[in-house]
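The following text walks through one protein model.

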Amino acid sequence: MKKNTNLSGNTLNNSYFLPIASLIFSVAISLLAGRAVANNAVLRSIFSCQAQGLGGLIPTIDVSYQQGTNLSFIPAGEVIKKVWLNDPSQVTMDFDGPVCMQFGSKPDNNAGDCKNSAANVIQLRRIKKLDIPGLPTTSNTLLTVVTEAQGKNKLYTFRVMYGTDNPGYHTLAIFPDPSGKEASCVRVSQ
């Protein structure tokens, strides 16, 4: 013998449960997606060939007083071998490992620290302008980086832009070129 179950009372409760559960789920997804978008906003990325200027444009890096900006070659798997900064009066540099330091008119690439360069990240930070005799005042500078991966060197140049506001990202990541997709670095006519 079957019991006659009255489901009409349960239907009323279930009819409120489903929309509320959907709302809670939608809000949770929106919050997580918003957080992911916010996290991606702090990372700027380009392919290696773009960072080398092979597309005809010099990439820029924004530096400010408020925070440092990282230039990361970790995704590309490249080791920083040498770095030049044309105007060192407004930017400090730090590295995540040893980098070749050379002084004088006769550079020696076989010097101890040049053989053992192992940095993958450069951290740049804007500082109050230092008075360096003979160095003109500029609104930006050029950063040159030589890297090595699998026995091959690459040359990168970046326009370092001085800012006062937060640049909106903390890392410029260099990624390996997409295999078989040379269109990402096609030279742009000027």
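Phe73, Tyr156 and Phe158 form one aromatic cluster; here rings of Phe, Tyr and Trp (its six-membered ring) pair if their centres lie within 6.5 Å, with planes under 30 degrees apart counted as stacked, over 60 as edge-to-face and the rest as tilted. The model is predicted, so local features need pLDDT of at least 70 and side-chain atom pairs count only at pLDDT 80 or more, whereas totals for chains, interfaces and linings use all residues. Residues are numbered from 1 along each chain as its sequence is written, and side-chain values use heavy atoms, with hydrogens and water left out.

How many aromatic pairs does a search of the whole structure find? The search finds 2. The rings of Phe73 and Tyr156 have centres 5.0 Å apart and planes at 55°, so this pair is tilted. The pair links distant parts of the chain, since Phe73 is in the loop between S3 and S4 and Tyr156 is in strand S8, 83 residues apart. Helices (H or I, at least four residues) and strands (E, at least two) are DSSP runs, numbered from the N terminus. Tyr156 also pairs with Phe158, and that pair is stacked, at 6.1 Å centre to centre and 15° between the planes. Phe73 and Tyr156 are buried, and both Tyr156 and Phe158 are buried; buried means under 20% relative accessible area, exposed over 50%, and partly exposed in between (1.4 Å probe, protein chains only).

The next topic is the pairing of strand S8. Strands of a sheet pair through backbone hydrogen bonds, either parallel or antiparallel. Two strands are taken to pair if DSSP finds at least two bridges between them. Strand S7 (residues 140-149) and S8 run antiparallel and are joined by 10 bridges, with Asn140 standing opposite Met161 in S8. These two strands form a hairpin with 2 residues between them, and Gln150 in the turn has a positive phi of about 55°. S8 (residues 152-162) is also joined to strand S2 (residues 60-63), through 4 bridges and in the parallel sense. One partner in this pairing is Ile61, whose bridge partner in S8 is Val160.

There is also an open sheet of 5 strands in the order S1-S9-S3-S6-S5, with mixed pairing. Its edge strands are S1 (43-47) and S5 (91-95), each of which pairs on one side only. Neighbouring strands of this sheet are turned by 20° against each other on average, direction ignored; axes are lines fitted to C-alpha atoms, for helices over the stretch in contact, and angles run from 0 to 180 degrees between N-to-C directions. Within the sheet, S3 (residues 69-72) and S9 (residues 171-175) pair in the parallel sense over 3 bridges, and the bridge partner of Asn70 in S9 is Thr171.

Which residues have the most contacts inside the largest nonpolar core? They are Ile61, Leu71, Leu143, Val145, Phe158 and Ile174, in a core of 25 residues. S2, S4 (79-85), S5, S6 (121-126), S7, S8 and S9 each give two or more residues to this core, and S8 gives the most, with 4 residues. A nonpolar core is a set of buried Ala, Val, Leu, Ile, Met, Phe, Trp, Tyr and Cys residues joined through side-chain atoms within 4.5 Å.

Contact means heavy atoms within 4.5 Å. Leaving aside residues up to four places away in sequence, Ile61 touches residues including Leu71, Leu143, Phe158 and Leu172. Leu172 lies in strand S9 and counts as buried because its relative accessibility is 0%. The C-alpha atoms of Leu172 and Thr69 are separated by 7.6 Å, although these residues are 103 residues apart along the chain.

The structure holds 2 salt bridges, each being a side-chain nitrogen of Lys or Arg within 4 Å of a carboxyl oxygen of Asp or Glu. In one, Glu78 and Lys154 have their closest N and O atoms 3.2 Å apart. Glu78 is in the loop between S3 and S4 and Lys154 in strand S8, so the pair ties together parts that are 76 residues apart in sequence. Glu78 is buried at 2%, whereas Lys154 is partly exposed at 29%. Lys81 forms a salt bridge with Glu148, with the closest N and O atoms 3.5 Å apart. This pair too links distant parts of the chain, with Lys81 in strand S4 and Glu148 in strand S7, 67 residues apart. Lys81 counts as buried at 18%, and Glu148 is partly exposed at 27%.
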